[in-house]
Amino acid sequence: LEDYSLLKDIPLFGTALGAINLYSTLKARIFTKKVYAFLYEFNSEELEKFKKIITNKTIEDLGFEVMNVIDNADKINQVQMIARATKLYILSLEAGNNSRNIFDHNIHIINQLDNYLISGMHAIYGGQASIRSSHVDPALFNLGLVDQKNERALAGAESYPKLSFVASISGEEFYSKIIIGN
């Protein structure tokens, strides 16, 4: 079915083919915008290191995986965080550490973060005022970005202290290096 000219003459199929072409064009433009956002996070030296890493035969799928993750990202700020996580991974490879599990974990976290959870991170680690519900901290805890605060229950008490959460070292590091980009 390489020649769609006959189908274009049929009204229903012509409309469907036009919609498919529009969707493909729009998707390509969005992907291009995401790639630019990713590359914008790199300076020229970091970009050369990235090119060198993705052409390495032992890590050849990294470029494909990064492009796939970028394509599946919903927001530009996620793409920027993916770039920062990639740069950290490249630095670890240069230092002789293959911290692929940390890179994969960071990508997993980035995929789960939405603006609501990011505002919670800004409140906890950036000192910014934020109104957040009681659901933010447990979600950040499940991603490993905060720790659960240990509170003792009083002997003989009929109720237990509510769960509370505090900043963690790993959450602070993720916030400063990946969300903020320091």
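1. Setting aside neighbours within four places in sequence, V69 is in contact with I82, I107 and N111. V69 lies in helix α4. Its relative accessibility is 18%, and buried means under 20%, so V69 counts as buried. The C-alpha atoms of V69 and I82 are separated by 8.0 Å. Along the chain, these two residues are 13 apart. The model is predicted, so please read each point below with that in mind.

2. Overall make-up. The protein has nine helices and two strands. Read from the N terminus, the order of elements is α-α-α-α-α-α-α-α-β-β-α. Of the 182 residues in the protein, 32% are buried. Among contacts with a separation of 6 or more, 58% join residues 24 or more positions apart. The exposed surface comes to about 12,200 Å². Carbon and sulfur atoms supply 56% of that surface.

3. The core. How many residues does the largest nonpolar core have? The count is 37. F38, I82, L113 and F174 have the most contacts inside this core. I82 is also one of the residues in contact with V69. As general background, nonpolar side chains tend to be buried together in soluble globular proteins.

4. Who builds the core. Two or more residues each come from α2 (11-40), α3 (44-55), α4 (61-72), α5, α6 (100-112), α7 (115-125), α8 (136-142) and α9. Helix α5 gives the largest share, eight residues.

5. L113 deserves a look of its own. Not counting residues up to four places away in sequence, L113 touches Q78, M81, I118, L140, L143, L145, F174 and I179. One of these partners, F174, is listed with L113 among the core residues with the most contacts.

6. Helix α5 against helix α9. Which way do the two helices cross? Their axes come within 7 Å and cross at roughly 115°. That makes α5 roughly perpendicular to α9. Helix α5 covers residues 76-94, and α9 covers residues 169-180. On the α5 side, the contact is made by M81, R84, A85 and L88. On the α9 side, K177, I178, I179 and I180 take part. By class, this contact has six nonpolar and two charged residues, with no polar ones. M81 and I179 are also among the residues that L113 touches.

7. Helix α7. Which residues of α7 are buried? They are L117, I118, G120, M121, H122, A123 and Y125. These buried residues pack against α5, α6 and α8, the strands β1 (146-149) and β2, and α9. I118 is also touched by L113. G127 follows α7 and has a positive phi, near 70°.

8. Is E41 buried or exposed? At 16% relative accessibility, E41 counts as buried. This charged residue is found in the loop between α2 and α3. Neighbours within four places aside, E41 is in contact with E46, Q80, A83, R84 and K87. R84 also takes part in the contact of α5 with α9.

9. Y40 and A83 are 43 residues apart in sequence. In space they are 8.8 Å apart, C-alpha to C-alpha. A83 is also one of the contacts of E41.

10. S164 is found in strand β2, which covers residues 164-167. It is buried, with a relative accessible area of 19%. Leaving aside neighbours within four places in sequence, S164 is in contact with D147, Q148, K149 and E151. S134 sits in the loop between α7 and α8. Is S134 buried or exposed? At 59% relative accessibility, S134 counts as exposed.

Notes: Residues numbered from 1 in each chain as written. Predicted model: local features only at pLDDT ≥ 70, side-chain atom pairs only at ≥ 80, totals over all residues. Heavy atoms only, no water. Axes fitted to C-alpha atoms, helices over the stretch in contact; angles between N-to-C directions. Helix = DSSP H or I, 4+ residues; strand = E, 2+ residues; numbered from the N terminus. Parallel < 35°, antiparallel > 145°, perpendicular 65-115°, else oblique. Contact = heavy atoms within 4.5 Å. Buried < 20%, exposed > 50% of the residue type's maximum accessible area, 1.4 Å probe, protein only. Core = buried A, V, L, I, M, F, W, Y, C linked by side-chain atoms within 4.5 Å. Areas by Shrake-Rupley, 256 points an atom, 1.4 Å probe, with all protein chains shown as cover.
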